[in-house]
Amino acid sequence: MKVNDWCMYCGECAGVCPRNLIEVKETSIIFSKEECKDCRLCMQVCPIGALEPEE
Amino acid sequence: MIKTDVLVIGAGPAGSTAAKHAALGGADVILVDKKSEIGAPKRCAEGVSMGGLESLGIKPNPQWITRKIEGVRLVSPNGTSVWLTSDTVELPEAGYILERKVFDKHMAMDAARAGSRIMIKTLARSLQQEDDGYIVNLETMGEEFQIKANIIIAADGPESRVARWAGLNTATKPKDMESAAQFEMVGVEMEDNHCIEFYFGGVAPGGYAWIFPKGDDIANVGLGVLSTKTSKSAYEHLLEFVEDCPATKNAQPVELNIGGDPVGGMPKKLVTDGLMVVGDAAGQVNPLTGGGIISGMTGGMLAGKVAAKAIEDDDTSKERLREYEKLCHESIGKEISKYLKVKDYMLSLSDEELDSIAEAFKDVEFEKISTTELVKKLVKVSPRALLKLGKLF
């Protein structure tokens, strides 16, 4: 998951992550890449399209 | 290590209310929030009913009320309007538009005045279960520290992680997570700026758009969509809506808010040993309207009271804390279940069906304005609704 600059840290991605891997601080997102199964639910729900798959 | 009876994680209205009532019940309470400013940025349209505040023992305060609402306008996809205003319909309870940035702080201040200790810019990072509670690892201003608490109240919003750390399944499925985007705008030209407006259909797939007035030409203009019903983001839908809507095409945004709204109802389990979950984290949201301030605060109040009694009884087991779960399902759960069915029915309607319902609604005489009254009338004007929802209300 790539977090784009316009992310507003609302945390919606964290709420749907089935593995509870996304931690939203006030102005940053901590994300465990190793454990991610690339389900992309976080990208699907982001209200501003700030999350993208890693190239 | 800091020790406390009750640790509330998240100082939204639900968390602050939980902290307040736990402290009023005699417990030592710490309330933490990861943000540097409680209540900011706001993540809702700020509407609340006066009856709801009364039920929580909160007196309306002009410091956090921006507008008294005197009616509702419902707009179908083809622009058909149904007006429900105080000159034609009895208002069972006044509605208010809040200033959440002030309201949320006032609720946290109430918690502090009741005896809670508040820690801002404090993020819970993980927790470990102990025999008599939890040790929570937290971080503030780059410094890590621990709090040992007998009871944790997880009030960490739609992005909730705390309850899941303790093994509760509170993750929201995308089909149940309303993705919302909202502008606070100036230069809004509403037909009646004392009425709230709802727009249904393709403007917001799986949800609706709203205009909630906060002043003569100021309003919250937003919408919620289900990501399973559209390929566009909520923000893209919002840009289209404000450009096309006559009330907002000349308005300008002064604030952008985004966030999720869990509209799938409450999970079955709201407690485990030494932990209760409240507010958005517990799905305490009306699934039809997405409104969750009062229901979340109600959950918070119940959790706070049960926590204080459990501390007094020296029993924080899940069996003891199930009193909260029972009270929640009795007071909030039944309504949520009803509105889940209505939501599913509404989601099944096409734009044409919504238009025909609006046409039929135009001629209906209402006695009161409330979500329940609207649904009751819907059952009368729509044969399909009668079939699906006839025995609900």
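Keep in mind that the model is predicted.

**Helix H3 of chain B**

Let's start with helix H3, which runs over residues 100–113 of chain B and has 14 residues. From its first C-alpha to its last it reaches 19 Å, close to the 20 Å expected at 1.5 Å a residue. Its buried residues are B:Arg100, B:Phe103, B:Asp104, B:His106, B:Met107, B:Ala108 and B:Ala111. What covers them? The cover includes helices H1 (13–24), H2 (50–55) and H6 (293–313), along with strands S2 (29–32), S7 (95–98) and S8 (117–119), which belong to chain B too. After H3(B) comes B:Gly115, with a positive phi near 120 degrees.

**Positions from the UniProt record**

Under "binding site", the unreviewed UniProt entry lists B:Ala14, B:Asp33, B:Cys44, B:Ala45, B:Gly47, B:Arg100, B:Ala124, B:Asp280, B:Gly292 and B:Ile293. These positions are spread over 280 residues of sequence, and in space they are up to 29.4 Å apart between C-alpha atoms. One of them, B:Asp280, is in the lining of the second largest pocket.

Here are two of the listed residues side by side:

| Residue | Where it is | Relative accessibility |
|---|---|---|
| B:Asp33 | loop between S2 and strand S3 (47–49) of chain B | 6% |
| B:Ile293 | helix H6 of chain B | 10% |

Take B:Asp33 to begin with. B:Asp33 counts as buried because its relative accessibility, 6%, falls under the 20% cut-off. Setting aside neighbours within four places in sequence, B:Asp33 is in contact with B:Gly10, B:Ala11, B:Gly12, B:Ile38, B:Met119, B:Ile120, B:Lys121 and B:Thr122.

Not counting residues up to four places away in sequence, B:Ile293 touches B:Pro13, B:Cys44, B:Gly47, B:Val48, B:Leu98, B:Arg100 and B:Phe103.

**The cavity**

How many cavities of 30 Å³ or more are there? The count comes to 1. About 90 Å³ of space lies in the largest cavity. It is lined by 14 residues, and the closest to its centre are A:Cys7, A:Cys10, A:Gly11, A:Cys13 and A:Cys46.

Technical notes:
Residues are numbered from 1 along each chain as its sequence is written. Chains are lettered from A and ligands numbered from 1 in the order in which they are written. This is a predicted model: local features need pLDDT of at least 70, side-chain atom pairs count only at pLDDT 80 or more; totals for chains, interfaces and linings use all residues. Side-chain values use heavy atoms; hydrogens and water are left out. Helices (H or I, at least four residues) and strands (E, at least two) are DSSP runs, numbered from the N terminus. The expected span of a helix is 1.5 Å times one less than its number of residues. Buried means under 20% relative accessible area, exposed over 50%, partly exposed in between (1.4 Å probe, protein chains only). Contact means heavy atoms within 4.5 Å. UniProt positions are given in the numbering used here, feature names are shortened, and annotations may be inferred rather than shown by experiment. On a 1 Å grid over the protein atoms alone, a cavity is a set of points where a 1.4 Å probe fits but cannot get out, and a pocket is an open set with protein on both sides within 12 Å along at least five of seven lines; lining residues have an atom within 4 Å of a point. Grid points are joined across faces, edges and corners, and a volume is the space filled by probe spheres set on the points.
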